[in-house]
Amino acid sequence: MRTLRILAAALVAACLVALPAGPAAAHGGKLKLSVGGDGAGGVTVLAVYSDGHRLDQPVRLTLTAKGEGDRTAGPVQLEMSGEGQGFYSSGPLLSPGRWRVTVTAPAPYKTSATATVQARPAQTAPAPRPVAVQAGPDERDRSGGGWWTYAAGGPAAVALLAAVALLVGRRRRPAGPGGPAA
């Protein structure tokens, strides 16, 4: 009986090793690639399975591009981006202009997608203008915080004096009949 269990376990292990289910088989085997520009000179790709779930493992997507005037870019392997599952980004790759971009996935997916992307020069934020800070005559001479310090400090001082008066009055009061002596 023990030998039969060992043989059954070995057979199950051999089947699991020899017949792995492909990752594409779990979601229907097809990928849908959505290709677009990143607003500058890069390309972004969103890869989802045909059932709508995002791609949850790395796949070697390859990008090629043809631009105006016989310009070409690639083939370039896209890296998974940190923005989420199934999101790939090329980084700055294309020079400004109109590009026809094709992204392909290898077996077992064998999928490709083509899109037209308008690459633009990367924008930079304008340099901040220096601002001169000048204190007025009232602000230079002021050493306190203004009226609000009196508004907050007055009630706090009254509450503190009341608490001290209660504590002092309680200690001076003589003990009543049957009470502890102070």
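Two strands pair if DSSP finds at least two bridges between them.

Ground rules before I go on. This is a predicted model, with local features needing pLDDT of at least 70 and side-chain atom pairs counting only at pLDDT 80 or more, while totals for chains, interfaces and linings use all residues. Residues are numbered from 1 along each chain as its sequence is written, and side-chain values use heavy atoms, with hydrogens and water left out.

**Entry: around β3.** I looked up single partners next. T64 stands opposite T102 in β7, and A65 has A73 in β4 as its bridge partner. β3 and β4 pair in the antiparallel sense, over five bridges. They form a hairpin with three residues between them, and I noted G69 in the turn, with a positive phi of about 75°.

**Entry: faces of β3.** Buried means under 20% relative accessible area, with a 1.4 Å probe and protein chains only.

Entry: I find an open sheet of four strands in the order β4-β3-β7-β8, with antiparallel pairing. Its edge strands are β4 (71-77) and β8, each pairing on one side only.

**Entry: T111.** I placed T111 in strand β8 (residues 111-119). Is T111 buried or exposed? T111 counts as buried because its relative accessibility is 11%. Leaving out residues up to four places away in sequence, T111 touches K30, L31, L33, V103, T104 and A105; contact means heavy atoms within 4.5 Å.

**Entry: core.** The largest nonpolar core has 25 residues, of which V45, L61, L94, V101 and V103 touch the most other members. Such a core is a set of buried Ala, Val, Leu, Ile, Met, Phe, Trp, Tyr and Cys residues joined through side-chain atoms within 4.5 Å. I checked L61 too: beyond four places in sequence, its contacts include L33, V45, V76, Y88 and V103.

Conventions:
Helix = DSSP H or I, 4+ residues; strand = E, 2+ residues; numbered from the N terminus. Buried < 20%, exposed > 50% of the residue type's maximum accessible area, 1.4 Å probe, protein only.
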